[in-house]
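Have the structure up beside you as you go through the points.

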Amino acid sequence: MSHITIVIPIYNRAHTIKRTLHSIDAQNVKPKRVIVVDNGSTDDSLEIVCEWSRREHGFECVICEESRRGACAARNRGLEDVETEFVMFFDSDDEMSPSHVADFSKAISRHPDIDIFGRTASLVNIAGQRHEAYFTSRSPVFNHLFRGCMSTQRVVVRTSLVRRVGGWNEDLFVWNDFELGARLLLASDRIFHLPGKPSVIVHQQADSITGVSFSSKAGQWEKTLDCMERYFITSGRSDLIRWLDCRRMILAAQYFCEGRPDLAEMLKAQVLDGNPSAWRLRLIYWHNRLFHRLTWLFARVLFAL
């Protein structure tokens, strides 16, 4: 048995939660505890989880409910009951391979001073197409800001570190692991990249937090980026704001590509107003609008000029 607790928030996931729980049952090395937090489901999610918890699993099952809205509130509620040294936040529509917990447990045992363990995940989109979402410990803050390396499916984190940075921001309803990941990386540079094939399959859902379009949640992405900017300033890392501005310009390009040039122009104007890097940021916008990929690499080269 490992010294990892898995925390899973659920909201109306009766159609996917069985797959997630089955993948946890199939682990070669069992987690110490699994905490499932229902966030006001109106379908059979809670009943399914309660019925599952009554079986013999080889690990402790804790089922609780959180009335405050949002996955962040549910995750924070689960975090309260974590007693192990490390915590794995997992989503209720994803699945892990049988070696997932074992691989992280082995890495933790071999590297006791590490705070953040991460691994590349496999993403399956709505159309069934699969690609890899990479994790890297190199230039971790930069790569996270552009490639989301600290998404919940890819990392196991020291519990005390999550608590020390304040846990999940319950005011944010999109990119919340993106925001928490930045705080974690600014708080600790003790990171380990697990090698090998992905051990998590992330299934994109039309009604997931991220969803399938940016324009449908316009304003919420900007709120998260603004929150991150304030944190960078108070942490003495104003140098990172240029990367947030790049992300804002990429977001504007995505708005345009989704048929919302009005949103794109409004966001562009806000970012470029008085910005000393305006010409670089314009190039970032056009690069992403035209090519849709590798803008992170272009940004690194462009801002090194």
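1. Start with leucine 184. Leaving aside residues up to four places away in sequence, Leu184 touches Ile116, Met150, Val157, Leu161, Val162 and Val165; contact here means heavy atoms within 4.5 Å. Before going on, bear in mind that this is a predicted model, in which local features need pLDDT of at least 70 and side-chain atom pairs count only at pLDDT 80 or more, while totals for chains, interfaces and linings use all residues. Residues are numbered from 1 along each chain as its sequence is written, and side-chain values use heavy atoms, with hydrogens and water left out.

2. Now the cores. A nonpolar core is a set of buried Ala, Val, Leu, Ile, Met, Phe, Trp, Tyr and Cys residues joined through side-chain atoms within 4.5 Å, and buried means under 20% relative accessible area, exposed over 50%, partly exposed in between (1.4 Å probe, protein chains only). The largest one has 60 residues, and Ile116, Leu145, Leu184 and Trp243 have the most contacts inside it. Helix α9 (residues 241-257) gives this core its largest share, 9 residues. Helices (H or I, at least four residues) and strands (E, at least two) are DSSP runs, numbered from the N terminus. Another core, of 28 residues, lies apart from the largest one and includes Ile6, Ile17, Phe90 and Phe104.

3. Next, look for the open sheet of 7 strands, ordered β3-β2-β1-β4-β9-β6-β10 with mixed pairing. Two strands pair if DSSP finds at least two bridges between them. β3 (60-65) and β10 (191-193) have a single partner strand each, so one side of each is left without a neighbour in the sheet. On average, and ignoring direction, neighbouring strands of this sheet are turned by 20° against each other.

4. You can trace the pairing strand by strand. Strand β6 (residues 116-118) runs parallel to β10, with 3 bridges between them, and isoleucine 116 has isoleucine 191 of β10 as its bridge partner. β6 also pairs with β9 over 3 bridges, this time in the antiparallel sense; there, phenylalanine 117 stands opposite valine 156. Between β4 and strand β9 (residues 155-158) there are 2 bridges, again antiparallel, with valine 87 partnered by valine 157.

5. There is another sheet to find. It is open, has 4 strands in the order β5-β11-β7-β8, and its pairing is mixed. β5 (95-96) and β8 (130-133) are the edge strands, pairing on one side only. β5 and strand β11 (residues 200-203) are antiparallel and joined by 2 bridges; methionine 96 stands opposite valine 200.

6. Which helices cross at roughly 15°? They are α7 (residues 176-187) and α8 (residues 220-234), whose axes come within 10 Å; axes are lines fitted to C-alpha atoms, for helices over the stretch in contact, and angles run from 0 to 180 degrees between N-to-C directions. The contact involves Phe178 and Ala182 of α7, among others, and residues of α8 including Leu225 and Tyr231.

7. Last, histidine 292, in the loop between α11 (278-291) and α12 (295-302). Is it buried or exposed? Histidine 292 counts as exposed because its relative accessibility is 52%. Cysteine 257 is 35 residues away from histidine 292 in sequence, with 9.2 Å between their C-alpha atoms. Not counting residues up to four places away in sequence, histidine 292 touches Cys257 and His287.
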